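Please open the structure in your viewer and keep the selection tool at hand. The tour below moves from one selection to the next and says what is found at each stop.

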Amino acid sequence: MSHTILHIDSSPLGDNSVTRKLTAKTVAQLREANADSTVITRDLAHSPLPHLSAQTLASFFTPADQRDEAQQNDVKLSDEAIDELIKADTVVIGSPMWNFGIPSVLKAWVDHVARAGLTFKYGETGPEGLLAADKKVIIVSARGGAYSEGPMKAMDFQETYLKSVLEFLGLRDISFVRAEGVAMGPDAAELALKQADEHLAQTLNKAA
Ligand SMILES: Cc1cc2nc3c(=O)[nH]c(=O)nc-3n(C[C@H](O)[C@H](O)[C@H](O)COP(=O)(O)O)c2cc1C
């Protein structure tokens, strides 16, 4: 069966990036597991989406059949990013922790894909996510320190934010491949990568 993978990277660090190495490994293993797979690549560090302007927001809120040509152009980048997300069976998101949150290029992507009426809506019972709940999401997370337990846990606005906003859009099958403590010395960095490999194996076994 055909399988579409959306591969998103947000670290600018190229070959030195922990998340890029891990997203590449994740996508390679997903491709091995799914013979007929297609990969859509979105490199947010090389091709960032713009911050939302007043004009783009006005175009978002103009009904599609009433948009003029300029407004159609304004929504194009967002429409493309949403199409990719809708098409994907599995979404792999590389997210470094930056200043306790996510890099702004990744936040700009979130701002383009969270669109009222397309990926979420508000109804009588409150917000409702419109993306397919069974779409698989693998968040590849790297951080210099350790946040999954201990005193720094409350400072994790990276994984908690991504999970919350993706759940808001309706996604429910969210796993983490985490390398944390990569700046805490060579032994901790080695252990972090080993643990990330274990998370990846667990995540892919769960999917099989
Ligand atoms: C601008 C910047 C901000 C960072 N902020 C944090 C932070 O708040 N907490 C933390 O534990 N590590 C922080 N780090 C370390 C990164 O999370 C870590 O180096 C991670 O490996 C980055 O992912 P990458 O290698 O894929 O770029 C920061 C790194 C950079 C470059």
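**The nonpolar core**

Begin by selecting Leu85, Val92, Ile93 and Trp109, which touch the most other members of the largest nonpolar core, a set of 38 residues. A nonpolar core here is a set of buried Ala, Val, Leu, Ile, Met, Phe, Trp, Tyr and Cys residues joined through C-beta atoms within 7 Å, and a residue is called buried if 20 or more other C-beta atoms lie within 10 Å of its own, exposed if 12 or fewer, and partly exposed in between, with C-beta atoms placed from the backbone. Strand β6 gives the most to this core, with five residues. This is a predicted model, in which local features need pLDDT of at least 70 and side-chain atom pairs count only at pLDDT 80 or more, while totals for chains, interfaces and linings use all residues. Residues are numbered from 1 along each chain as its sequence is written.

Leaving aside residues up to four places away in sequence, Val92 touches Ile5, Leu6, His7, Ile8, Thr23, Thr26, Val27, Ile138 and Val140.

**The whole chain**

Now zoom out and colour by secondary structure, where helices (H or I, at least four residues) and strands (E, at least two) are DSSP runs numbered from the N terminus. The protein has six helices and seven strands, and along the sequence they follow the pattern β-α-β-α-α-β-α-β-β-β-α-β-α. The C-alpha trace spans about 60 × 40 × 40 Å along its principal axes. Of the 208 residues, 32% are buried. Among contacts between residues at least 6 apart in sequence, 75% join residues at least 24 apart.

**A pair of strands**

Select residues 3–9, which form strand β1, and note that five of its seven residues are buried. One place to look is His3, whose bridge partner in β2 is Ser37.

**Around the ligand**

Next, centre the view on the ligand, which is surrounded by 17 residues, the closest being Ser11, Thr19, Pro96, Gly144 and Gly145.

Where does Ala35 lie? Ala35 is found in the loop between α1 and β2, and it is exposed because 9 other C-beta atoms lie within 10 Å. Select Ala88 as well: Ala35 and Ala88 are 53 residues apart in sequence, and their C-alpha atoms are 15 Å apart in space.

Move on to Ala54 in helix α2 (residues 54–61), which is exposed because 7 other C-beta atoms lie within 10 Å. A C-alpha distance drawn from Ala54 to Asp68, 14 residues apart along the chain, gives 16 Å.

Finish at Leu193 in helix α6 (residues 186–207), which is partly exposed, since it has 15 other C-beta atoms within 10 Å. Leu193 and Thr56 are 137 residues apart along the chain, and their C-alpha atoms are separated by 40 Å.

How values were computed
Contact = placed C-beta atoms within 7 Å. Near = placed C-beta within 6 Å. Pairing = 2+ DSSP bridges.
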